[in-house]
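Student: Can we go through this one together? I'd like to start with the fold and then look at single residues.

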Amino acid sequence: MLSILWMDIRKLFGTNVRRYRVDLNISQEALGVRMGVDRAYVSAIERGVQNVTLLSMWEVAQALGVRPAALLVEDVVVKDDGTQT
């Protein structure tokens with residue numbers, strides 16, 4: 001696991017949501033339907049601009065079929081400028 005010196009937890013969460021969504025081969029709209037939210041909300045989550053609640057985190061995890069903790073795994077380094085390494 002890589003060490004992260006500086007990260008925005010929202011960007012980390014969003015990056016992981018996008019990764020799992022793409023792995024499932026579903027659109028943002030389809031994920032939104034599974035969650036009962038609009039596609040724009042999913043987009044905001046993935047971009048790291050939406051500050052989700054614990055309940056929303058649970059709903060995202062259920063919709064993706066993963067454990068909530070998987071959405072906080074730091075496999076990807078997200079720099080403070082939003083780029084990944």
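This is a predicted model: local features need pLDDT of at least 70, side-chain atom pairs count only at pLDDT 80 or more; totals for chains, interfaces and linings use all residues.

Student: How many helices and strands are in the protein chain?

Tutor: The protein chain has 4 helices and 0 strands, in the order α-α-α-α along the sequence. Helices (H or I, at least four residues) and strands (E, at least two) are DSSP runs, numbered from the N terminus.

Student: What share of the residues count as buried?

Tutor: Of the 85 residues in the protein chain, 39% are buried. Buried means under 20% relative accessible area, exposed means over 50%, and partly exposed is in between (1.4 Å probe, protein chains only).

Student: And what share of the contacts is between residues 24 or more positions apart?

Tutor: Among contacts (heavy atoms within 4.5 Å) with a separation of 6 or more, 63% are between residues 24 or more positions apart.

Student: Which residues have the most contacts inside the largest nonpolar core?

Tutor: Val 17, Leu 31, Val 60, Leu 64 and Leu 71 do, in a core of 16 residues. Such a core is a set of buried Ala, Val, Leu, Ile, Met, Phe, Trp, Tyr and Cys residues joined through side-chain atoms within 4.5 Å. Helix 1, helix 2 (28–35), helix 3 and helix 4 (54–64) each give it two or more residues. Helix 4 gives the most, with 5 residues.

Student: What is Val 60 in contact with?

Tutor: Leaving aside neighbours within four places in sequence, Val 60 is in contact with Phe 13, Val 17, Met 35, Ile 45 and Leu 71.

Student: Charges next. How many salt bridges are there?

Tutor: The whole structure has 2 salt bridges, each a side-chain nitrogen of Lys or Arg within 4 Å of a carboxyl oxygen of Asp or Glu. In one of them, the side chains of Arg 21 and Glu 46 meet at 2.5 Å, N to O. That pair links distant parts of the chain, 25 residues apart, with Arg 21 in helix 1 and Glu 46 in helix 3 (residues 39–47).

Student: Are Arg 21 and Glu 46 buried or exposed?

Tutor: Arg 21 is buried, because its relative accessible area is 9%. Glu 46 is at 10%, so it counts as buried.

Student: What does Arg 10 form a salt bridge with?

Tutor: Arg 10 pairs with Asp 8, with the closest N and O atoms 2.9 Å apart. Arg 10 is partly exposed, because its relative accessible area is 32%.

Student: Back to Gln 28. Where is it found, and what is it in contact with?

Tutor: Gln 28 is found in helix 2. Beyond neighbours within four places in sequence, Gln 28 is in contact with Arg 21, Arg 39, Val 42, Ser 43 and Glu 46. Gln 28 counts as buried because its relative accessibility is 18%.

Student: Last one, Asn 16. Buried or exposed?

Tutor: Asn 16, in helix 1 (residues 9–24), has 0% relative accessibility and therefore counts as buried. A polar atom of the Asn 16 side chain lies 2.9 Å from the backbone oxygen of Val 73. Leaving aside neighbours within four places in sequence, Asn 16 is in contact with Ala 70, Leu 71, Leu 72 and Val 73.

Conventions:
Residues are numbered from 1 along each chain as its sequence is written. Side-chain values use heavy atoms; hydrogens and water are left out. A polar contact is a pair of N or O atoms within 3.5 Å; within protein, one must be able to donate a hydrogen and the other to accept it, and residues adjacent in sequence count only if both atoms are side-chain atoms.
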